[in-house]
Amino acid sequence: MRTTVTLEADVERELKEEARRTGEPFKQVINRVIRAGLRAGNVAQPTYEPLVFDLGQASVDLTQAAALAAQLEDDEWVRRYRQAR
């Protein structure tokens with residue numbers, strides 16, 4: 001199968017060096033390296049390290065967060081109503 005692939009510069013350099021070293025055609029080196037990588041299962045997965053910050057002890061009881069949010073929203077509606085009058 002014929003396809004077009006864009007190689008990053010460092011990957012291209014390493015593949016060409018491997019082709020020179022082994023005397024294999026570039027195409028064969030690419031196929032061999034891809035096969036080896038797939039068989040080994042070492043397709044790198046990007047790791048995600050979340051930023052974590054200690055915010056200290058909560059100043060309100062968050063077990064009733066929805067009720068607190070509703071109360072704050074109600075208070076804001078009352079404040080706006082009073083300002084409009």
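**Close-up views of a predicted model**

**View A. Glu17 and Arg20 in helix 1.**
With a relative accessibility of 41%, Glu17 counts as partly exposed. The structure shown is a predicted model. Glu17 forms a salt bridge with the side chain of Arg20, at an N to O distance of 3.4 Å. Both residues belong to helix 1, where a separation of three residues amounts to about one turn of the helix. Arg20 has a relative accessible area of 59% and is therefore exposed, the cut-off for that class being over 50%. Side chains of opposite charge can pair when their charged atoms come close.

**View B. The salt bridge between Glu24 and Arg32, and the network around it.**
The side chains of Glu24 and Arg32 meet at 2.7 Å, taken from N to O. Glu24 is partly exposed, at 24% relative accessibility. Arg32 is also partly exposed, and its relative accessible area is 33%. Over the whole structure, the search for salt bridges returns seven.

**View C. Arg80 and Glu76 in helix 3.**
A salt bridge joins Arg80 to Glu76, with 3.1 Å between the closest N and O atoms. The two residues lie four residues apart in helix 3, which is about one turn of the helix. Arg80 has 48% relative accessibility and so counts as partly exposed, because only values over 50% are classed as exposed. Glu76 is partly exposed as well, with a relative accessible area of 27%.

**View D. The crossing of helix 1 and helix 2.**
Helix 1 spans residues 9-22, and helix 2 spans residues 26-40. Their axes come within 9 Å of each other and cross at roughly 110°. That angle makes helix 1 roughly perpendicular to helix 2, since the perpendicular class covers 65 to 115 degrees. The crossing of helix 1 past helix 2 is right-handed.

**View E. A nonpolar surface patch that includes Phe26.**
Four residues make up this patch on the surface: Val5, Leu7, Val11 and Phe26. Together they have about 300 Å² of accessible area. Phe26 is part of helix 2. The relative accessible area of Phe26 is 31%, so this residue is partly exposed. Membership of a patch requires over 30%.

Asp75 is 15 residues away from Val60 in sequence. In space, the C-alpha atoms of Val60 and Asp75 are 17 Å apart.

Technical notes: Residues numbered from 1 in each chain as written. Predicted model: local features only at pLDDT ≥ 70, side-chain atom pairs only at ≥ 80, totals over all residues. Heavy atoms only, no water. Patch = residues over 30% accessible without salt bridge, like charges linked within 9 Å, V, L, I, M, F, W, Y side chains within 5 Å. Areas by Shrake-Rupley, 256 points an atom, 1.4 Å probe, with all protein chains shown as cover. Buried < 20%, exposed > 50% of the residue type's maximum accessible area, 1.4 Å probe, protein only. Axes fitted to C-alpha atoms, helices over the stretch in contact; angles between N-to-C directions. Parallel < 35°, antiparallel > 145°, perpendicular 65-115°, else oblique. Left-handed = near helix turned anticlockwise from the far one by under 90°.
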